[in-house]
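Biologist: I would like to know what stands behind the terms used for this model. Please take them one at a time.

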Amino acid sequence: MDYRIEVEDLNVYFDEAHILKDISINIKKNRVTSLIGPSGCGKSTFIRTLNRMNDLIDSFKMTGTILLDGGDIYDPKVDVVDLRKKVGMVFQKPNPFPKSIFDNVAYGLRIHGIKDKDFIEKRVEDSLKEAALWDEVKEKLDKSAMGLSGGQQQRLCIARTIAVEPEVILMDEPCSALDPISTTKIEDLIHKLKEDFTIIIVTHNMQQATRVSKYTAFFLNGEIVESGLTDKLFIEPEDKRTEDYITGRFG
Amino acid sequence: MKDIGEFLIEKGLLITAFLSIIIILLIIIFIFSEGLPFMESYGFLKFIFGSIWDPSSGDYGVLPMIVGSLGITSLALVFAIPLSLLCAIYMAEIAPKTMRKILKPVIETLAGIPSVVYGFFGLIVLVPIMRIHFGGTGFSMFTASIILTVMILPTIISVSEDALRFIPHEYKEASLALGATHWQTIKNVIFPAAIPGIITAIILGMGRAIGETLAVIMVAGNVAQFPTTISDPVRALTSNIAIEMGYATGIHYSALFGTAIVLFIIIIILLVVANYFHYKKKITIGGGYL
């Protein structure tokens with residue numbers, strides 16, 4: 001089984017603060033990998049390093065290597081725009097653009113220079129169908145996305161991300177702002193999406209990690225304490241700290 | 001005891017809130033009571049669409065001044081809008097923090113310089129340059145609009161820069177995460193989302209331009225005639241009042257109040273139109289949520 005992403009000895013600093021320490025982890029293709037751990041342990045910083053969103057922060061510094069399909073994504077020759085097209089991201093808070101539903105999904109296609117209207121329409125429809133949102137919005141594609149419920153907005157954000165056909169989808173606590181019904185819908189969606197995409201999901205919710213992911217990594221204070229098959233990590237963890245966390249003794 | 005204190009504070013705030021409204025209402029009533037009887041006896045249409053302003057022979061047509069005011073203002077907006085929006089985008093999105101920290105206070109200081117200083121600069125520097133390069137006296141609609149451009153730039157820059165910076169960071173991240181470049185993000189997400197605020201900025205700039213008196217008097221030439229080219233001298237509505245009020249008596253005096261009414265109505269119309277677009281744009285882009 002090939003790895004989509006290989007991270008070796010990753011260290012991340014914001015100014016003097018050492019946020020991620022010697023992170024090494026391999027992410028398998030077309031699998032869901034969960035990142036769990038208490039708040040402030042570096043999970044979000046880690047996935048934002050994978051699509052170079054941390055580049056926006058002036059004080060960001062890193063060492064180590066991150067390979068995507070064997071290529072170093074921090075190589076000076078790498079086009080960040082191209083990387084982010086391959087590594088899509090869904091954020092914690094649903095953040096649709098203040099545009100119509102259609103334009104939200106078409107946005108990524110248009111900025112990548114696609115002009116063919118029929119193609120865009122088809123892709124928007126396919127993406128909304130894949131994100132299990134089509135039936136709810138097909139009558140009002142020209143309405144503002146801000147009028148949708150939180151759960152619908154988050155599925156719209158997922159549709160917007162898959163429309164540009166990334167290889168990897170990073171999800172930063174995608175359900176933390178949603179109600180249980182919307183959460184179930186998104187989890188069902190994640191099951192479906194892993195056929196086509198490699199998914200890395202940050203979650204606070206350990207049940208969610210067991211429900212959606214094949215692999216899990218446990219982060220604590222900027223380090224990976226333990227990673228491996230989700231079933232193994234939750235049933236017979238090797239590290240005492242993992243056991244304490246998953247049994248609810250802290251975090 | 002506490003209840004009385006609360007009562008007094010609430011009523012006190014109510015009175016101060018009403019005070020400003022009452023002052024404005026009193027000024028409006030005063031202007032209308034001085035100007036309306038004249039407009040009625042002279043004829044509304046004759047006054048507004050009359051093309052000759054010659055108090056000595058009893059002609060009081062303000063159309064040349066209406067054209068003058070609108071001409072100067074719209075020219076100034078044509079110059080100022082692109083300049084100030086590009087500057088605002090630079091400051092909000094592209095400038096490094098230290099650059100922004102220098103630019104912002106400098107631009108806000110520009111807004112605080114008294115208009116007579118701008119007028120004086122225009123008179124001493126700009127008018128001779130215009131005379132040499134465009135012929136004529138140098139006192140013209142073009143010269144006035146350039147001075148006004150400089151005067152309204154800081155207002156439009158400052159307010160639209162705020163509008164651009166208050167766009168939620170999430171929009172920007174979402175766009176970049178989809179593989180958009182910084183410029184695509186500015187053009188397609190940040191700028192459109194800031195349009196309601198930018199319209200407000202333009203309204204404020206326009207209000208300042210159309211109401212500006214002194215700087216315009218100093219460089220516009222103030223001839224009450226229709227300009228045929230932009231290098232012709234013009235007289236603005238504001239200038240008309242300020243220049244002649246000192247010696248006007250009788251009907252002439254009332255006619256100047258009539259001029260003020262016209263200016264007042266033009267500003268109201270512009271504000272209503274601008275607010276309509278501001279509101280409409282807010283609804284369409286935000287779905288009523290922004």
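What follows is a short exchange on an interface and a pocket.

Modeller: Keep in mind that this model is predicted.

Biologist: Why is the pair B:Glu173 and A:Arg48 called a salt bridge?

Modeller: The side chains of B:Glu173 and A:Arg48 meet at 2.4 Å, N to O. The rule asks for a side-chain nitrogen of Lys or Arg within 4 Å of a carboxyl oxygen of Asp or Glu, so the pair counts as a salt bridge. Across the interface of chain B and chain A, the rule finds 2 salt bridges.

Biologist: How do you know how much area chain B and chain A bury between them?

Modeller: Buried area is the accessible area lost on putting two parts together, summed over both. For chain B and chain A this comes to about 2,000 Å², with 63% of it on carbon and sulfur atoms. On the side of chain B, B:Glu173, B:Ala177 and B:Leu178 lose the most area to chain A, together 31% of what that side buries.

Biologist: What makes up the contact between the chains?

Modeller: Chain B gives 22 residues and chain A gives 27 residues.

Biologist: Which residues count as lying nearest the centre of the largest pocket?

Modeller: They are A:Leu56, B:Ala92, B:Glu93, B:His169 and B:Lys172, out of 21 lining residues. The pocket holds about 580 Å³ of space.

Biologist: How many residues of that lining are called charged?

Modeller: The lining has 8 charged residues, beside 11 nonpolar and 2 polar. Asp, Glu, Lys and Arg count as charged, so B:Glu93 and B:Lys172, both in the lining, belong to that group.

Conventions:
Residues numbered from 1 in each chain as written. Chains lettered and ligands numbered in written order. Predicted model: local features only at pLDDT ≥ 70, side-chain atom pairs only at ≥ 80, totals over all residues. Heavy atoms only, no water. Contact = heavy atoms within 4.5 Å. Buried area = accessible area lost by both parts, 1.4 Å probe. 1 Å grid on protein atoms, 1.4 Å probe; cavity = no way out; pocket = protein on both sides within 12 Å on 5 of 7 lines; lining within 4 Å. Points joined across faces, edges and corners; volume = space filled by probe spheres on them.
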